[in-house]
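Dear colleague,

Please find below the structure that I am handing over to you. My notes on what was found in it follow directly after it.

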Amino acid sequence: QLQLVESGGGLVQPGGSLRLSCAASGLPLDDYHIGWFRQAPGKEREGVSCISSSARTTNYALSVKDRFTISRDNAKNTVYLQMNSLKPEDTAVYYCAAAKVARQLCDYGLEYIGPYFGSWGQGTQVTVSS
């Protein structure tokens, strides 16, 4: 059974950077598309980024495009989310999730793909505040 554990969250000032990690255990990540999602208090969960199993396709929410970068290291069974130029509105609990499906999930709009992810981590808090 695939288990995911996020780390790297914390408190950072506006304009700062954080790198989130999503470490997998139990199964290799090679065959999984990985998504990062976030949920702020009182708001619905939203898709932030997605990387395909082959790493050939990445996708970003417009709100984070050009600031966040998703990457994966299958040898380490880990996916990363580098977050730069952080804004207070990026404050949320960030979750990584894995999906093992044939379709190119990351080609779809991030607002639609959440239900395809069957394995979720417990989340890591990111707070952007001065």
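Cys22 and Cys96 form a disulfide, with their sulfur atoms 2.1 Å apart; a disulfide here is a pair of cysteine sulfur atoms within 2.5 Å. Cys22 belongs to strand β3 (residues 18-25) and Cys96 to strand β9 (residues 92-99), so the pair ties together parts that are 74 residues apart in sequence. Helices (H or I, at least four residues) and strands (E, at least two) are DSSP runs, numbered from the N terminus. The link of Cys22 and Cys96 is right-handed, with 70 degrees about the S-S bond. Cys22 is buried, at a relative accessible area of 0%, and Cys96 is buried with a relative accessible area of 0%. Buried means under 20% relative accessible area, exposed over 50%, and partly exposed in between (1.4 Å probe, protein chains only).

Please note that this is a predicted model, in which local features need pLDDT of at least 70 and side-chain atom pairs count only at pLDDT 80 or more, while totals for chains, interfaces and linings use all residues. Residues are numbered from 1 along each chain as its sequence is written, and side-chain values use heavy atoms, with hydrogens and water left out.

A search of the whole structure finds two disulfides. The other joins Cys50 to Cys106, with an S to S distance of 1.9 Å. The link of Cys50 and Cys106 is left-handed, with -60 degrees about the S-S bond. Cys50 lies in strand β5 (residues 46-51) and Cys106 in the loop between β9 and α1 (110-113), so that distant parts of the chain, 56 residues apart, are linked. Both Cys50 and Cys106 are buried. When the bonded cysteines of the protein chain are numbered in sequence order, the pairing is 1-3, 2-4.

How many bridges join β3 to β8? There are six, and the two strands run antiparallel; two strands pair if DSSP finds at least two bridges between them. Within this pairing, Ser21 stands opposite Tyr80 in β8.

Strand β7 (residues 68-73) also pairs with β8 in the antiparallel sense, over six bridges. Here Ser71 stands opposite Tyr80. β7 and β8 form a hairpin with four residues between them, and Asn77 in the turn has a positive phi of about 55 degrees. Five of the six residues of strand β8 (residues 78-83) are buried, so β8 is largely enclosed by the rest of the structure.

Yours sincerely
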